[in-house]
Amino acid sequence: MTVSPPPSAPPRTFAAADLGATSGRVVLGRVGPDRLDLTEVHRFANTPVRLPDGLRWDVLALHQGILDGLRRAARAADGPPASVGVDTWAVDYGLLDADGALLGQPFHYRDSRTDGMADAVHSRVGPDELYRITGLQHLPFNTVFQLAAAARGPQLAAAHTLLLIPDLLVHWLTGSVGAEETNASTTGLFDARTGAWSPELLDRLDLDPRMLPPLRGPGDPAGTLLPHVAAYTGLPATTAVTTVASHDTASAVVAVPATAPDFAYISCGTWSLAGLELDAPVLTEASRAANFTNERGIDGTIRYLRNIMGMWLLEESRRTWEAQGLPSALEPLLAEAGRAEPFASLIDPDAPEFLAPGDMPARIREFCLRTGQVAPSGQGALVRCIVESLALAHRRTLREAAALADREISHIHLVGGGSRNALLCQLTADATGLPVIAGPTEATALGNVLVQARSAGLVGDLAAMRRLVAGTQELRRYTPRGNAAAWDAAAARIESLAGGRPS
């Protein structure tokens with residue numbers, strides 16, 4: 001979709017509700033021909049709740065956090081926002097009954113209920129066939145596996161509608177029902193070739209197709225605010241809610257400040273999502289064996305990437321240290337890691353023992369001992385282990401993506417919260433041998449706002465959106481340095497730890 005903005009369009013304000021795994025916020029974005037800036041008006045915790053039946057998201061608190069943020073947005077100095085957009089993480093969902101009532105708080109993707117569910121799905125649709133249809137990376141918490149777990153209980157049978165988390169929050173703002181396609185493509189029920197729900201998969205998995213709402217694309221209108229929402233927030237009832245790229249990674253990729261086509265990206269937060277932007281999915285057996293995913297991006301693009309356990313490893317370590325009364329401030333830990341011995345110990349970040357919450361430092365030390373390495377002896381050494389291992393995972397993933405997609409990579413854009421981590425950015429440049437352009441940090445919120453601005457006619461096509469990001473946001477460049485042979489040797493070491501995946 002190409003929209004040509006008026007040459008002198010005045011700046012306008014848009015509200016982005018941007019929810020991550022640990023917190024949510026409402027951000028106001030001001031967009032004009034040469035202007036793109038953000039102001040956070042409200043931040044709130046995203047704290048999962050452990051119930052007797054498992055780990056759940058407190059989605060009611062998240063909805064209230066959005067309402068409170070919109071209430072503050074209504075009183076902003078620049079006036080109320082022209083529209084609202086919502087993005088969150090992927091795969092998780094809420095079930096509504098025939099009256100539209102929520103059937104329990106949604107499960108958290110880190111809950112253990114999906115253990116063994118891949119085998120149940122694969123007994124009906126083999127993994128190779130599932131990949132040929134969906135192009136989706138195998139992750140134990142994909143929506144299709146969550147639904148296999150849900151089939152053992154009464155809620156799925158009582159459900160009338162399934163809404164992914166951002167679609168559920170949009171529904172509570174507007175009353176409308178829809179499924180945004182970038183997030184729908186993460187479920188394992190979406191046909192990567194047709195860009196639609198897969199009737200074949202739904203039939204073979206005994207899932208009612210009527211549960212899945214009609215698809216929407218980024219930029220489509222989702223409705224206007226419900227009367228009670230308008231009354232609480234103080235926003236006009238005519239305020240538009242615009243469908244954005246509601247998978248937070250898809251929004252982040254919108255805001256990659258690329259001005260040349262031969263780039264790779266790493267959206268680095270709780271997860272590192274590293275890959276390429278393609279015009280068509282890669283559905284080969286080699287791609288499936290390498291566990292790459294083909295998820296929808298804006299304007300029909302494909303986000304060809306692999307999930308890597310990202311800053312979760314570091315943040316969970318810091319939570320453990322804080323609980324133990326040990327130093328947990330990030331910058332001193334990174335400074336200490338920068339002085340630690342290189343390559344003293346390495347981990348496979350995607351080893352299954354690192355997925356669940358808990359004592360991450362203990363699990364990292366156990367992994368190192370089990371694999372015949374020296375366990376990190378201090379906090380700095382352990383942080384060095386995490387960051388070097390992530391840099392090597394970035395190297396492995398991007399090299400493999402380029403080979404599978406037959407693409408050349410000249411540089412890497414690293415966006416999201418991880419772009420603030422100078423040690424990670426430099427080590428990623430060193431490991432890959434490619435320059436890393438770090439920033440913007442707020443890529444997800446920027447992508448959310450830019451899609452709304454384009455829908456309002458203020459911004460042109462995807463290339464124009466990226467030029468606006470590149471021209472207005474702070475970016476930092478990291479040039480490869482250090483000993484390439486040492487990185488090659490470390491990559492060979494971690495290949496054996498990662499089960500023989502190519503480096």
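Guide: Welcome! A salt bridge is a side-chain nitrogen of Lys or Arg within 4 Å of a carboxyl oxygen of Asp or Glu. This is a predicted model, in which local features need pLDDT of at least 70 and side-chain atom pairs count only at pLDDT 80 or more, while totals for chains, interfaces and linings use all residues. Residues are numbered from 1 along each chain as its sequence is written, and side-chain values use heavy atoms, with hydrogens and water left out.

Visitor: Why is the contact of Arg-132 and Asp-128 called a salt bridge?

Guide: The N to O distance between these side chains is 4.0 Å, and the limit is within 4 Å, so the pair counts as a salt bridge.

Visitor: What separates Arg-132 and Asp-128 in helix H3?

Guide: About one helical turn, because the two are four residues apart in helix H3. Helices (H or I, at least four residues) and strands (E, at least two) are DSSP runs, numbered from the N terminus.

Visitor: What makes Asp-206 and Arg-124 a pair that links distant parts of the chain?

Guide: Their side chains meet in a salt bridge at 2.7 Å, N to O, yet the residues are 82 apart in the chain. Asp-206 sits in the loop between helix H8 (199–204) and strand E12 (215–216), and Arg-124 in the loop between helix H2 (117–122) and helix H3 (127–134). Asp-206 has 60% relative accessibility and is therefore exposed, whereas Arg-124, at 40%, is partly exposed.

Visitor: How many salt bridges does a search of the whole structure find?

Guide: The search finds 26. Some salt bridges form a network, linking Asp-18, Arg-25, Glu-40, Arg-43 and Glu-442.

Visitor: What about Cys-425 and its closest cysteine sulfur?

Guide: That sulfur is in Cys-268, 7.7 Å away, and therefore too far for a bond. Cys-425 has a relative accessible area of 0%, so this cysteine is buried. By the disulfide rule, the count comes to zero.

Note on methods: A disulfide is a pair of cysteine sulfur atoms within 2.5 Å. Buried means under 20% relative accessible area, exposed over 50%, partly exposed in between (1.4 Å probe, protein chains only).
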